[in-house]
Each structure stands twice: as C-alpha cells, then as structure tokens.
Amino acid sequence: MTLPLFPTQEVGSLRKPLWLVEGLRGQTLSRAAKEELRRWTRALPTVFQEGDLAGLSPESPVSRDPQRLRDRGALFLLRYLEAAGLDRVYDGEARRVEMYEYPIRQMEGFRFLGHVRSFDNKYYLKAASVGPVGLKAPYHVDEFRFVKEHAHRPVKVPVTGAYTLADWSWNEHYLKRRPGWRGPRVRRAAQRDLVVALARDALRPTLKALTDAGADLLQIDEPAGGTHPGETDLLVEAFNESTRGLPGRFVMHVCYSDYRSLFPGLLEARRCSQFLLEFANRDSPEHPGFEDLKLFAEHNDGREVGVGVLDVHQDRVETAPEVEDRLLRAARILKDPTKVYANPDCGLRTRSLDVAWAKLGALVEGARRARKALA
Amino acid sequence: MTEVLAGLTGPFPRSEALVEVTRRVDRGLEPPASAERLYRSEADRIARREAELKFAFVTGGFLPWPDLFRPWIEQTENLDAGPLSRWFQTNTFYRPPRVSGPLTRRPRGVLGTLPPLDPDPGGRPRGWVAPGPWTFARLCEDPGGKGTERLSRLWADRLAQEATALRAGGVGSLLLLEPSLVTDPPGPAEREGLRRAYRPLERVLTGPEDGIWTFFGDALPVLPLLSRLPGNLLGLDLTETEPRRLKAFPRGKTLGLGVLDPRTSLPEELPEIVSTVRALVRRLSPSRVLMGPAASLDLLTGEAADKKLTVLARAAEVLNASGTRASPRRAPRRAPAVRRVRR
C-alpha cells in the first residue's frame with residue numbers, strides 16, 4: 001500500500017479502556033466503564049455490534065475468559081486507530097502491562113523491586129538485573145499475528161529496545177562483578193555488559209521471531225536513548241546487535257532528550273530507516289525546539305523523521321492548523337517533505353481515550369491540510 | 001577527632017501505599033485528602049526513622065513534591081512550570097521554572113508545601129533542600145533573555161526571602177542542591193558573576209549544616225570556585241568524584257560526602273564507606289563530615305533506599321566509635337542558628 005505524503009502513525013501505547021481493565025480484574029463493570037463502552041460502541045460500530053455490551057457482562061463467557069477479553073481490547077484499539085484515520089496502526093499495546101514491565105517479565109535474570117517515580121504521580125515497576133539475561137520465549141509474536149490478521153492498514157510493531165530496558169533497570173548482576181570504587185568508568189562497563197546481553201540474548205531472538213511471523217516494519221522504542229549523552233555508542237550498539245542479519249525494516253523512537261547529544265553517533269544505527277522523535281513538547285511560539293531537526297540536514301542524513309506533533313502530556317487538543325504548521329516547518333527544515341511522518345510525541349496512554357481521539361483527529365486533519373498546502 | 005554525621009540530602013522514595021493512593025487520586029477514585037493524610041503519616045514515619053538512625057537533621061522525605069522546583073514554582077509570583085524535561089541523566093522528569101517577572105514570595109511559602117513533622121524527641125532540627133542559584137539559572141527557561149548571572153541573582157534573592165520563614169519553621173539545615181555546578185560548571189568569565197549572585201546567601205547559609213550539595217558530576221574541576229561560595233558545608237558526589245584524587249578541601253567547611261549511589265539498588269558495602277571516609281578525613285582534616293546520599297534517593301524504591309540508609313547510619317556509628325582522627329588543623333565552629341522542629 002502506498003502511503004500519502006506526511007503519513008500518519010501512532011507511536012505506541014494507548015490508554016486501556018475501562019471495561020478491559022475492570023474485566024481483566026474480574027470486576028463487575030462500573031457505571032463509568034459501561035458508559036465508556038456505550039459511547040465507543042456508537043462511535044465505532046464496526047468493532048462493536050448490538051449485543052456486545054451484554055457480551056461483556058460478568059456472566060458472559062467473554063468477560064470470564066481473559067484471552068478473549070484481551071483479543072477484544074486489542075481489536076478495539078486497532079479499530080480505534082484505524083477509525084481515527086491513521087495510515088499505520090497497531091493495537092495500542094492493549095495486551096502489554098506497559099513497555100518495560102511486559103518484556104522484562106518474559107526474561108530471566110531480573111527481579112522486580114517496586115515502583116519508582118517517573119514524574120509527578122506517574123510511576124513504573126522497576127526491576128534489578130540479578131543474574132545473566134535470558135529469554136523465556138520470544139514475545140509479542142501472538143499479539144502481532146492477531147493484529148496482522150485483523151488490520152486493514154499497514155502495521156508497525158513497537159518493541160522496547162535493549163538500551164532502554166537496561167537503563168530502566170538497576171544493574172546489580174553485572175555491577176557486582178566489578179568490586180572497588182564503582183565510578184563512572186566501572187558503571188559504564190557494567191552497563192555495556194547488560195545492554196549487549198539484552199540485545200543479543202533477548203531482543204534479537206524476539207525480533208527474529210517477529211520477522212519470521214511476517215512483521216516487516218518494527219519500531220525499536222528507545223525513550224531512554226538520550227538519557228546519557230556519552231552513551232550514544234551503546235544505544236547504537238544495542239540497535240545494531242538487536243537487528244543484525246534480520247530481514248525487514250527497522251525504525252527507532254527516542255523522546256524527551258537533548259537530540260544534539262546523540263549526533264552524529266546516532267547515524268551509525270545503519271539499519272534504522274526512520275527516527276520518530278518528540279517535538280510538540282518542546283515547541284513554543286518561537287519554535288526553538290524545532291531547530292534540532294536541522295541536525296539531520298546538517299549531517300546530510302536522508303532518513304525519514306517521524307515528527308512528534310501532538311503533546312502527550314497535555315489535555316489541550318492541538319488544532320489542525322497547528323499540526324499543519326509543524327509538519328510544513330519540519331519539511332522546510334529537512335528540505336524534503338517526503339521524509340516527514342506525522343505522529344504523537346510518544347504513546348498517548350497518558351491521555352483519556354476521548355482526548356487521544358480528538359488529538360489523533362487533529363493529527364490526521366493537520367496532515368491532510370499540509371498535503372493540500374504542498375499540492 | 002572529626003565528628004561524622006549523616007543525613008538525607010534530598011527527597012526519599014514514596015512508599016508503595018503512597019504510590020497507590022496518589023495514582024487513585026489522579027484517576028479521581030480517591031479524594032486528595034486521602035493522599036494528604038498519607039503524606040503526613042509517611043513523613044512522620046520517615047522522620048522517626050531519621051531520628052532512630054541518629055541523623056543530624058530530620059526531613060520527612062519531602063514526599064509531596066513532584067520535583068525540586070515545583071514547590072518553589074507554586075509559591076513564587078511570576079514563576080511557572082515549563083515542559084516536561086529530563087532530570088539530568090536519569091529516567092525522572094521535572095518541569096523547569098519559567099521566569100516572567102520579578103520573583104516574589106507567595107504568602108504560604110514553601111514550608112507550607114510539606115506536612116508539619118511530629119517533634120523529634122532527640123531535638124533534631126529540620127533539614128530542607130532547595131535548588132541552588134546556578135542550577136536554577138541553568139535549568140530555567142529564560143524567554144526574557146536575562147542571562148545566567150541575573151537569573152542566579154534573582155534566585156539567590158528569592159531564597160533569601162524564604163529563609164526567614166524556613167528558620168521560623170524549625171529548619172536548621174538548608175542545603176542548596178547544585179548539580180549544575182558540576183555537570184555544567186560556569187566558565188571562567190561567569191565565575192565572578194556567580195560569586196556576586198550568591199552574595200545575598202552569605203547571611204542565610206550560617207548554620208553548620210547549611211551549604212551547597214553538588215551531585216551527578218565530578219567536583220574536582222570546580223573545587224576552587226565551590227570553596228569560595230557561601231555556606232559552612234560543601235557536599236561532593238563520591239560516585240563521580242574519585243576519592244583518591246581529592247587532595248584538598250576548604251578550611252572551615254563541613255565536608256559533605258555523597259557516599260550512597262541512588263542509581264543502583266545494590267546497597268553500599270560498609271567497609272568500603274568506612275575506609276574511604278577515614279582516608280579522606282586523615283588527608284583533608286575537616287572538623288566535621290556529613291555523609292549522605294550522593295543525590296536524592298527517590299530514584300530507588302523505599303525498601304532499597306532504607307537499606308542504604310541503614311548502611312549510612314552504621315558507617316557514621318563505626319567512624320565515630322573508632323575515633324576518626326583529623327589532623328590538628330581545625331576550623332572554628334560557628335554558632336548554629338537552629339530551631340527545634342515544631343508543629
């Protein structure tokens with residue numbers, strides 16, 4: 001399928017519908033969950049037919065079967081993204097607890113220690129590496145097969161990258177092997193051990209299983225990619241090791257970082273055909289944040305850039321002209337509109353389904369306007 | 001002999017119960033009062049633990065603060081919160097302050113952003129942390145183009161405004177957190193300006209545990225500058241500053257040593273801390289040492305952080321019991337302006 005100019009895509013997770021969350025907990029659906037379901041049943045009739053609400057009642061076989069409930073959740077979010085009009089879709093990561101915990105649970109050599117704060121009242125469950133990294137079994141494969149079977153649009157599979165999994169974990173096992181003063185050099189060497197083990201022994205087998213199952217576009221999510229400016233080589237090594245020798249197309253998502261610190265090292269991720277980056281969050285009336293896009297032009301790098309045009313940390317819904325302006329600005333800076341993709345800054349799970357829907361509507365309409373402006 | 005103290009130098013992790021209740025409040029499933037009640041009881045629990053570990057001051061863990069700047073943003077006119085930004089090289093985010101006019105104190109003040117603490121039977125003062133002027137200037141959004149020196153000065157003035165209320169509220173130790181001084185230090189041309197900007201703080205940082213705490217970077221390259229800034233305490237991050245290379249330390253200042261690494265869940269080894277601190281005391285002859293976390297422990301879980309605090313307290317105990325000796329050179333002790341913790 002040929003994509004239009006300024007193709008629209010999601011970046012990752014969406015908020016799980018209440019009926020899915022409550023259903024998986026075995027709860028009787030609350031009034032809010034029923035109301036949410038009713039509204040979206042009307043909005044997305046292709047997903048939910050008459051009687052679906054009854055099908056999710058506590059007595060129904062669907063609500064008592066977690067697998068069927070998860071299937072329904074994945075289908076719902078897939079159709080939600082399709083109905084929003086995106087050109088590339090997935091299932092909003094409906095089956096994953098979240099992007100860190102889910103993959104780590106598929107591995108050996110980690111122990112969850114508890115929640116730590118990411119910002120404000122947002123937390124994630126964090127694990128420590130306590131033994132050599134191992135993989136119980138490749139993950140995301142069944143999830144991908146389900147999406148592939150049901151999707152009406154091209155699919156992009158998000159997979160959390162090895163560098164981020166390492167950075168978001170505490171490194172006990174590989175650090176403990178190095179006694180004495182654990183200064184920056186020692187910590188870095190131990191971190192490389194963990195990153196490479198994750199890329200080689202967990203990510204690559206998983207990506208291979210996905211490409212074997214027919215995935216042809218995989219997004220390696222590295223939100224931690226810019227955390228340590230001196231570790232771009234590790235980020236790139238993780239990407240290259242994870243994708244080594246595999247068929248298919250790979251893209252990389254990095255966000256909330258000083259992109260300048262990643263250049264030019266990032267460009268050594270040779271198999272990466274697109275960088276999806278957060279820009280809406282750093283935008284302001286003067287647009288200094290968009291200056292970072294110049295890095296691609298400065299380094300004469302012709303790869304695609306997925307430009308974040310929706311701020312995922314604010315309920316304020318961007319307007320279509322705002323999105324259009326951001327896309328056209330990116331196209332001017334990159335000097336080639338065909339290299340510009342339109343996406344949210346990051347996963348929209350931070351917003352309600354209603355707000356995310358409105359934002360995605362602005363994304364699609366803004367891209368349409370940008371196309372028209374260049375026509 | 002050198003007196004070796006210990007204390008918390010930044011926010012403590014929220015407990016699993018607090019994680020749960022704050023999440024529920026965010027989702028509208030609990031009233032904010034539920035979180036407030038728990039903040040209060042958890043702060044008291046942490047303060048009791050600090051007292052039990054014989055820390056130099058009690059903090060209560062600064063649990064309600066979303067980040068270091070937010071209480072100040074909330075309590076300062078013409079300061080608002082910028083976009084979500086990465087807190088140095090961590091997976092934690094904060095909103096940088098954005099200056100839009102003169103910075104003046106709102107009536108509630110930052111003391112009101114934390115629950116009051118139960119009085120400590122040991123009579124320990126309350127410890128407080130605040131962003132230092134250089135870090136404020138380097139991290140804040142500056143749409144008006146005021147420049148680093150002016151922003152540092154504005155912030156120093158704002159801190160000085162708040163100091164009276166903090167002292168009246170029982171704060172006996174005020175640490176200005178200055179990671180940017182070591183991760184993004186002032187160039188030679190900016191150093192004099194920073195010293196000038198810091199001047200209003202000379203009359204504020206007068207207690208023995210008042211001073212500057214640096215972290216996330218090697219302090220050695222800027223030690224001469226740090227030595228000339230106000231405060232009776234200077235904290236260095238020993239996970240970044242190699243102890244063996246630390247050959248000199250300003251006379252008269254309490255030697256602050258960040259000996260706990262909040263970036264690893266591995267508890268520090270007691271013998272390692274004891275031998276490192278003992279060697280530094282012998283070499284540098286400080287009159288007092290304050291050991292603490294290199295940076296705030298809220299990068300860890302509560303349980304992992306508490307294990308580290310246990311090691312910290314034990315290290316202080318061992319060092320004091322074994323009579324850690326400094327050279328005869330001693331700085332005169334200044335009389336601390338300390339109030340007891342009160343409700």
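I looked up His115(A) first: its bridge partner in β2(A) is Leu125(A). This is a predicted model, so I keep local features only at pLDDT of at least 70 and side-chain atom pairs only at pLDDT 80 or more, while totals for chains, interfaces and linings use all residues. Residues are numbered from 1 along each chain as its sequence is written, and chains are lettered from A and ligands numbered from 1 in the order in which they are written.

β1(A) and β2(A) run antiparallel and are joined by 10 bridges. For my own record, strands pair if DSSP finds at least two bridges between them; helices (H or I, at least four residues) and strands (E, at least two) are DSSP runs numbered from the N terminus. The hairpin leaves 2 residues between the strands, and Asp120(A) has a positive phi near 45° there.

**Chain contact.** Which elements of chain A give two or more residues to the side that touches chain B? First the totals: 29 residues from chain A and 29 residues from chain B take part, with contact meaning C-beta atoms, placed from the backbone, within 7 Å. The elements are β1 (107-119), β2 (122-135), β4 (170-171) and α9 (173-176) of chain A. β1(A) gives the most, with 7 residues. By class I get 12 nonpolar, 11 polar and 6 charged residues on that side of chain A (Ala, Val, Leu, Ile, Met, Phe, Trp, Tyr, Cys and Pro are nonpolar, Asp, Glu, Lys and Arg charged, the others, Gly among them, polar).

**Helix pair one.** The axes of α13 (residues 320-334) and α14 (residues 353-374) of chain A come within 7 Å and cross at roughly 55°. That makes α13(A) oblique to α14(A). Axes are lines fitted to C-alpha atoms, for helices over the stretch in contact, with angles from 0 to 180 degrees between N-to-C directions; under 35 degrees is roughly parallel, over 145 roughly antiparallel, 65 to 115 roughly perpendicular and the rest oblique. In α13(A), the residues that meet α14(A) include Leu327(A) and Leu328(A). The contact residues divide into 10 nonpolar, 1 polar and 4 charged.

**Helix pair two.** I then checked α5 (residues 66-84) and α7 (residues 141-150) of chain A, whose axes come within 11 Å and cross at roughly 50°. α5(A) is therefore oblique to α7(A). Asp71(A), Ala74(A), Leu75(A) and Leu78(A) of α5(A) meet Glu143(A), Phe146(A), Val147(A) and His150(A) of α7(A).

Methods
Contact = placed C-beta atoms within 7 Å.
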